[in-house]
Amino acid sequence: QAQLVESGGGLVQAGGSLRLSCAASGRAFGFYTMAWFRQASGKEREFVAAISWNSGTRYADSVKGRFTISRDNAKNTVFLQMNSLSPEDAAVYYCAAASRGALTTTRNAYDYWGQGTQVTVSS
């Protein structure tokens, strides 16, 4: 049974940083594209960042230069380092995995999803 579990969310002041983790289990995800999406209250779920099996990356324009996605295949874990956070970054952040479609931003391309972790940013 494949499972993705996010952690690391919480409350942070504007300008601060958080590091999210996504622990995968149940199958090998080494050749999957892994990604982070987020959904703010009243808005659609949107793409944040993706990383391919060989560590190519892609970012939404809104987070480029501030967020960094990385993966440790030996530990079956994906990370999202978030710096210079603003209230606009507040959302539930979801981890996702896609077996095909390297670095895709399309929600429907992802086969597995975590339950999400809340990020709140105060000003």
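Visitor: How many aromatic pairs does the structure hold?

Guide: This is a predicted model, and the structure holds eight aromatic pairs. Take phenylalanine 29 and tyrosine 32: their ring centres are 4.8 Å apart and their planes meet at 70°, so the pair is edge-to-face. Planes over 60 degrees apart count as edge-to-face.

Visitor: Are phenylalanine 29 and tyrosine 32 buried or exposed?

Guide: Both phenylalanine 29 and tyrosine 32 are buried. Another edge-to-face pair joins phenylalanine 37 and phenylalanine 47, with 5.7 Å from centre to centre and 80° between the planes.

Visitor: Where do arginine 19 and arginine 45 lie?

Guide: A charge may sit over a ring when CZ of Arg is within 6 Å of the ring centre. Arginine 19 lies over the face of phenylalanine 79, at 4.5 Å from the ring centre. Arginine 45 lies over the face of tryptophan 113, at 5.1 Å from the ring centre.

Visitor: Which residues of the largest nonpolar core touch the most other members?

Guide: This core has 36 residues, of which Met34, Trp36, Leu80, Met82 and Tyr93 touch the most other members. Several strands each supply at least two residues, including strand 3 (18-25), strand 7 (67-72) and strand 11 (117-122). The largest share, six residues, comes from strand 9.

Methods
Residues are numbered from 1 along each chain as its sequence is written. This is a predicted model: local features need pLDDT of at least 70, side-chain atom pairs count only at pLDDT 80 or more; totals for chains, interfaces and linings use all residues. Side-chain values use heavy atoms; hydrogens and water are left out. Rings of Phe, Tyr and Trp (its six-membered ring) pair if their centres lie within 6.5 Å; planes under 30 degrees apart count as stacked, over 60 as edge-to-face and the rest as tilted. Buried means under 20% relative accessible area, exposed over 50%, partly exposed in between (1.4 Å probe, protein chains only). A charge sits over a ring if NZ of Lys or CZ of Arg is within 6 Å of the ring centre and within 35 degrees of the ring normal. A nonpolar core is a set of buried Ala, Val, Leu, Ile, Met, Phe, Trp, Tyr and Cys residues joined through side-chain atoms within 4.5 Å. Helices (H or I, at least four residues) and strands (E, at least two) are DSSP runs, numbered from the N terminus.
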